[in-house]
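Let's take a look at one strand and the sheet around it. Here is the structure to follow along with.

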Amino acid sequence: MGNIFSQFLSIPNATLTEKNCPDQTGRVFLITGGYAGVGFELCKILYAHNAAVWIAGRSEPKALKAISDIKKSLPNSNGSLDFLCLDLSDLSTIKPAIDTFTAKVTRLDVLVNNAAIMFPPRGSVDAQGNDLQLGTNCLGPYLLYQLLVPLLTRTAAASSITASVRVIWAASIAVHVATPTPQGIVLEADGSPSDQGIKANYAQSKVGNVFLARECAKTTPETGVVHAAFNPGNLRTELQRHWTGFDHWFMDTFMLYTAIHGAYTELWAALSPELTPAKSGAYVYPWGRLGSLPEGVEGAITKTGVAARFVEWCGNQTKAFL
């Protein structure tokens, strides 16, 4: 219970913010959903500290407005801002986007899997027919990561700073409080998550990102790329646009923080020296600190093989799009 409470109310102040972020000159960041909410705030911080920031998403008008707004607010930055058009809910759009991206850059220091969808209308599916939350929150980011492994690995090999190349995966407090089973996810015989209803499916997709971070972390000794999953915090952002009812009113009234707090969580996961290769696959609490997973979710990773089965299913769903 203490671990849950410490992610809601008893949250230490952020230790890494826009005020003490190190200079990021020469470093490249790819941030999905970077034109709104937490992603927008993270882009602002990184650009302010001279990073080359790529905002990935499906809405060019939103991205161009975000880029314009950020540049106007930070006229003295020596960084850069660019848009990469892709749709995480349509796997067929991701490889063409990455082909474009890798033709323009020679390195990628951090991939921030920030974008997500929460509680869409019942029956919503992605372009490939998967549950929309599962497709957007897990399958799209996993395919994106797979396509970027060669570039990430080359960047890690050329970096003089160990563990500076990272992939961070967005989880949620739902991992601790809203899963349909203690192991976090209910799998069918083929490894696919079972439909447990809109809210439980969201929680399953967030557990899925924890599984992806931990399973991909097994490759850190080979690639040099460090992984982490993070709970950004309970935040008032566009993510909640489909959430209605008393539970939303209660959370919005008493327990939600501003988007920049979530950006501090992501900033810490992306840059903190505490995240060493030995801690690859770690779970990060708001607003940037190492935390633990529920016992059942941890067991699904280390004991029962549930996590490995889920990641294998993700691989089977995405392999045709590599």
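V284 has L290 in β8 as its bridge partner. This is a predicted model, so to speak of local features pLDDT must be at least 70, and side-chain atom pairs count only at pLDDT 80 or more, while totals for chains, interfaces and linings use all residues. Residues are numbered from 1 along each chain as its sequence is written, and side-chain values use heavy atoms, with hydrogens and water left out.

On the other pairing, V284 in β7 stands opposite F230. Strands here are DSSP runs of E with at least two residues, helices are runs of H or I with at least four, and both are numbered from the N terminus. Two strands pair if DSSP finds at least two bridges between them.

| Pair | Sense | Bridges |
|---|---|---|
| β5 (166-170) and β6 | parallel | 5 bridges |
| β6 (226-230) and β7 | parallel | 3 bridges |
| β7 and β8 (289-291) | antiparallel | 3 bridges |

β7 and β8 make a hairpin with 3 residues between them, and G288 in the turn has a positive phi of about 120°.

Which way do the β7 side chains point? A282 and V284 go one way, Y283 and Y285 the other, and all are buried (under 20% relative accessible area, with exposed over 50% and partly exposed in between; 1.4 Å probe, protein chains only). In a regular strand, side chains alternate between the two faces of the sheet.

Zooming out, 8 strands form an open, mixed sheet ordered β3-β2-β1-β4-β5-β6-β7-β8. β3 (80-85) and β8 are the edge strands, each pairing on one side only.
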